[in-house]
Structures are given as structure tokens and as C-alpha cells.
Amino acid sequence: DVYEWISTGDDILDLRISNRPHGGVPVGRITEITGLESSGKSLIVAHLITETQKKGGIAVLFDTEFAASPQFLDAIGVNTVNMLHVQLECLEDVFSSMEKMIMDVREKHPDRLLLIAVDSIMGATTKIEMEQDYDKEGWATAKAIIMSKAMRKLTALISKQRIALVFTNQLREKLGAMFGDKYTTAGGKALGFHSSVRIRLDKTGRIKVGKEILGVTIKAQVTKNRVGPPFRITNMNIYFDRGIDRYGSWLNALKDAELATVTGGTKPKVTIKGG
């Protein structure tokens with residue numbers, strides 16, 4: 001039932017998610033982007049906002065970490081004048097504002113594309129936490145309960161509309177884990193269950209010219225996918241001054257498929273197989 005997609009800014013990652021050209025994250029579904037700090041979660045959100053605006057859609061950013069930089073968004077290509085930037089600290093307020101926003105936009109623009117991104121869902125607190133001090137308060141289950149209720153409502157609300165929900169999520173280390181994945185997401189399982197696509201980002205290296213660090217290399221794995229084959233991986237180059245390098249991703253994909261070879265040192269030469 002998915003007929004529209006929003007590009008992540010990386011053509012190969014779009015292909016890994018949607019299994020078709022000109023794909024990306026699905027409209028009418030929920031997407032979760034997870035990773036450790038500085039792994040590119042906010043960057044992909046910025047690219048999604050840019051691509052939504054290129055389609056003539058409305059982009060909304062819920063900034064629970066109070067960390068969005070206008071200079072960073074401008075460098076990615078976001079029109080910050082036309083973007084709705086909302087800073088909220090309580091999870092309950094985020095979801096109630098989100099639901100009201102969907103109703104208001106649909107009343108005025110019934111068929112317009114709408115992207116709502118929350119960066120990050122675990123950066124938000126709850127009203128119960130706000131009322132408590134910093135001592136141990138017992139079982140911290142309030143966030144998981146709120147998430148479960150919200151996901152049940154929002155999944156049905158956006159399923160038949162031109163609305164894409166994107167959540168970034170922080171990873172937590174499993175205490176005592178000796179085998180398997182040592183990271184997990186906090187806040188219960190609701191977001192993972194209701195997400196049609198889950199993308200895991202891992203920083204794998206740095207891009208250097210001499211001693212200067214210009215960017216980082218990121219491995220993106222589609223750990224859950226209801227719109228295409230899961231567990232596909234792509235490697236991306238991210239530069240601090242302009243974001244994702246689309247051409248570098250294509251070159252990495254061609255090299256992985258043994259369709260291209262790179263030779264040379266300071267002036268590398270790319271040879272395409274059969275071309």
C-alpha cells in the first residue's frame with residue numbers, strides 16, 4: 001500500500017530500504033533511525049526534511065534535545081524559514097502536539113505531503129520525571145507506557161495519508177551482555193514493533209586529508225523492513241560541510257559489486273567494468 005517515498009539523501013540507502021529506484025523511507029508508515037552519538041541520525045533527518053521541501057511538502061521537526069543548528073540545516077539544504085521547528089521536553093506534549101498538527105494540516109491541506117520527525121524520542125522526558133527529583137524513583141516504565149499508547153493511535157492515523165513519521169532513537173548498552181548485540185533502545189518495544197523500517201547507524205571511520213578530519217564513514221543497516229528485504233547494508237561517506245556524499249555511495253556500491261576498481265594514490269583512477 002506504499003506509493004510514495006522520501007529520500008534519505010543517499011541513493012543506495014534508498015534502494016536498500018525500498019528495493020526500487022527513487023525510493024527512501026515510506027510515506028504512511030513509521031521509520032526509526034537508531035545509533036550511538038555522532039552516527040548521523042540527525043543528519044539523515046535533515047536530508048529527509050530537505051527532500052520533503054523539494055516535493056512541496058510540509059516538514060516539522062520536534063527537537064527534544066534542543067540541539068538543532070540553523071547553520072547545520074542550511075548546509076544540508078533545508079529551508080529553515082519554511083520548516084516548523086518545535087522544541088518540547090515532555091513526551092506527552094510531543095504526541096499531543098503531533099496529533100493536533102496532523103488534524104490542522106489535513107483540514108487546510110488534505111493532500112499535501114507531511115513529514116514529522118522527532119529528534120530524538122529518548123531525548124524527551126515525561127511529566128512524572130519532571131515532577132521527581134534526581135533520586136531513584138522505582139520502576140521507570142512511564143515512557144514505555146506512553147509510547148505504547150501513542151504508537152497504537154498514530155499508526156492507524158497516518159496509514160492512509162501522505163504522512164511520514166520518523167523517530168531517531170538513542171542506543172543503550174546492555175549490562176552484562178556477552179553474546180549477540182550489546183546495544184538496545186530504551187523506552188520499551190512499542191516503537192520497534194510499530195515501525196515499518198528500522199535503520200541502524202554505526203560510525204566506522206574518519207575521512208582525512210592530511211591531519212585534517214573532513215568527515216566520517218557510516219555503516220547503515222536496515223535491521224527491520226516491511227517494504228523490502230531486511231538486513232541490507234550500505235556504507236556512506238558524510239562530510240561535515242555538506243552532509244552525505246551521494247557519488248561516494250555509488251562508488252562504494254560499485255566496488256562492493258566488483259563492477260568498479262580504484263587505482264592510484266593522490267590522483268585515483270576509477271575503472272568501470274565493461275565501460
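Predicted model: local features only at pLDDT ≥ 70, side-chain atom pairs only at ≥ 80, totals over all residues.
Residues are numbered from 1 along each chain as its sequence is written, and side-chain values use heavy atoms, with hydrogens and water left out.

The protein chain contains 8 helices and 14 strands; helices (H or I, at least four residues) and strands (E, at least two) are DSSP runs, numbered from the N terminus. Its C-alpha trace spans about 60 × 50 × 35 Å along the principal axes. The radius of gyration is 19 Å, which agrees with the value near 19 Å that a compact globule of 275 residues would have. That radius is taken over C-alpha atoms, and the globule rule is 2.2 Å times the number of residues to the power 0.38.

Of the 275 residues, 45% count as buried. Here buried means under 20% relative accessible area, exposed means over 50%, and partly exposed lies in between, with a 1.4 Å probe and protein chains only. The accessible surface comes to about 15000 Å², and 53% of this surface belongs to carbon and sulfur atoms; the areas come from the Shrake-Rupley method with a 1.4 Å probe, and for residues only the protein chains shown count as cover. Among contacts between residues at least 6 apart in sequence, 64% join residues at least 24 apart, where contact means heavy atoms within 4.5 Å. The chain carries 38 positive and 32 negative side chains, and the centres of the two sets lie 7 Å apart. In this count Lys and Arg are positive and Asp and Glu negative, while His and the chain ends are not counted; the place of a charge is NZ of Lys, CZ of Arg, CG of Asp or CD of Glu.

Strand β10 (residues 212–225) pairs with β11 in the antiparallel sense over 7 bridges; two strands pair if DSSP finds at least two bridges between them. Within this region, Ile238 of β11 is the bridge partner of Val216. β11 also pairs in the antiparallel sense with strand β12 (residues 243–244), over 2 bridges. Tyr239 has Gly243 in β12 as its bridge partner, and β11 and β12 form a hairpin with 3 residues between them.

Thr234 is found in β11. With a relative accessible area of 4%, Thr234 is buried. Leaving aside its neighbours within four places in sequence, Thr234 is in contact with Asp10, Ile12, Leu13, Arg16, Ile218, Lys219 and Ala220.

Two loop residues are also buried. Ser196 sits in the loop between α7 (190–194) and β9 (197–209), and its relative accessibility is 4%, so that it counts as buried. Not counting residues up to four places away in sequence, Ser196 touches Arg29, Ile30, Lys224, Asn225 and Arg226. Its C-alpha lies 9.7 Å from that of Gly28, although Ser196 and Gly28 are 168 residues apart in sequence. Thr126, in the loop between β6 (114–119) and α5 (127–131), counts as buried at 2% relative accessibility. Residues up to four places away in sequence aside, Thr126 touches Cys90, Glu92, Ala142, Lys143 and Ile146.

Thr155 lies in helix α6 (residues 142–158) and is partly exposed, with a relative accessible area of 28%.

The backbone also has some local features of note. Most residues other than glycine have a negative phi, and most peptide bonds are trans. Asp119 and Ser120, however, are joined by a cis peptide bond with omega of about -5°, and Ser120 is found in the loop between β6 and α5. His22, which is not a glycine, has a positive phi of about 60°; His22 lies in the loop between α1 (11–18) and β2 (25–26) and is exposed, with a relative accessible area of 78%. Ser38, likewise not a glycine, has a positive phi of about 60°. Ser38 is placed in the loop between β3 (30–35) and α2 (41–54), and at 55% relative accessibility Ser38 counts as exposed.
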